[in-house]
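The sequence and structure come before the description.

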Amino acid sequence: MHLPFLALFAALLAAPLASSAAGAEDFTVRLEQVPELKAVFGEVESRTVVPARARIGGSLRAVSVSEGSLVKEGDEIALVVDDKLALSLNAADARIKELRSQLENARVELDRTQQLVAKGVASQSRLDTGKTLFDVATNQVTAAEADRAVVLQRAREGAVLAPADGRVLTVPVTPGSVVLAGDEIARIASGPYYLRLSLPERHAADIREGGTVRIGRRGITQDTAGTAATARLGRVVKVYPEITAGRVMADVEVDGLGDYFVNERTLVWVEIGRRAVLAIPPALVSTRHGIDYVRVATPRGALDVPVVLGARLTDAAGERVEVLTGLADGDQIQAPGH
């Protein structure tokens, strides 16, 4: 009674192996070079961070942005008010009224003198003096109006404008604060965003400009970032020539970082060299009792050879698994069950 049960149990064990090997083809093992990857953390940085500064001194009347706000170049993000400007404007208006009155008197006197000269009653020198006084009054009115325009322009400069498109990082002031001309009202990351890498000094000679790196999904854990096989590609655009505290710095250019936080970390795989491996399609591997086997063609027939498997690789040739021991370059592999 036990023999049929054992035969049925063996058939059930063999069924998954046969199904997994379906469609697999014979394969020749070749020694090949694959990139050696090192997992490091990269920090998201903005290429430019520009301050929005107050152009005049005064009291900060209003702040219309906060940390994280998106702004466009020229948007008003705060308002600085100097109460003295209102007094200066009133003084400028009064000065203009005074000079316009003097200009009107000079005009009337000039007209009267011209009439007297025409009748031969007044001298030409008196007419010349009247013209000079009229020109002086006209120029004084023009200068006073220019002074008033300066006061108005200073009042308009109380509006703090965004210097570029971007995201507000910090707003170190609050409404009601007293600020001076040139004080920082906000810091704006105008982009573009890139990744800053910090690698150990021993890899300084291996990383190069133009090299390819793999960037994981957003997150700092293996579960969220994924693996190097599923990562997107980026390009090393700058390697800094100075080593600081045993670390070499490099910048990586990659699309799709616009919604990341500045200084946010993400997992990156950097190519630090190449190594020789033997890799085969996973479908050519069968597992029995916890041991992995590969069927190798030999002159005496096919043999199931135990192997030790390493990491999985994914490239243009598809998914493969590295074989650490058990195979040699040039071995002919058959699908399990052949």
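A nonpolar core is a set of buried Ala, Val, Leu, Ile, Met, Phe, Trp, Tyr and Cys residues joined through side-chain atoms within 4.5 Å. In this predicted model, the largest such core has 21 residues, and Leu195, Val268 and Val270 have the most contacts inside it. At least two residues of this core come from each of strands S2 (31-46), S11 (193-200), S12 (212-215), S13 (232-244), S14 (247-253) and S15 (265-280). Strand S11 gives the largest share, four residues.

Leaving aside residues up to four places away in sequence, Val270 touches Glu36, Leu37, Lys38, Val40, Leu197, Leu199, Ile207 and Val213.

| Core | Size | Residues include |
|---|---|---|
| Largest | 21 residues | Leu195, Val268, Val270 |

The protein as a whole contains four helices and 20 strands. Its radius of gyration is 41 Å, well over the 20 Å that the globule rule gives for 338 residues, so the protein is more spread out than a compact globule. The C-alpha trace spans about 150 × 40 × 40 Å along its principal axes.

Of the 338 residues, 33% count as buried. The accessible surface is about 19,600 Å², and carbon and sulfur atoms make up 55% of it. Among contacts with a separation of 6 or more, 73% join residues 24 or more positions apart. The protein has 39 positive and 43 negative charges, whose mean positions lie 3 Å apart.

Key: Residues are numbered from 1 along each chain as its sequence is written. This is a predicted model: local features need pLDDT of at least 70, side-chain atom pairs count only at pLDDT 80 or more; totals for chains, interfaces and linings use all residues. Side-chain values use heavy atoms; hydrogens and water are left out. The radius of gyration is taken over C-alpha atoms; the globule rule is 2.2 Å times the number of residues to the power 0.38. Buried means under 20% relative accessible area, exposed over 50%, partly exposed in between (1.4 Å probe, protein chains only). Contact means heavy atoms within 4.5 Å. Accessible areas come from the Shrake-Rupley method with a 1.4 Å probe; for residues, only the protein chains shown count as cover. Lys and Arg count as positive and Asp and Glu as negative; His and the chain ends are not counted. The place of a charge is taken as NZ of Lys, CZ of Arg, CG of Asp or CD of Glu.
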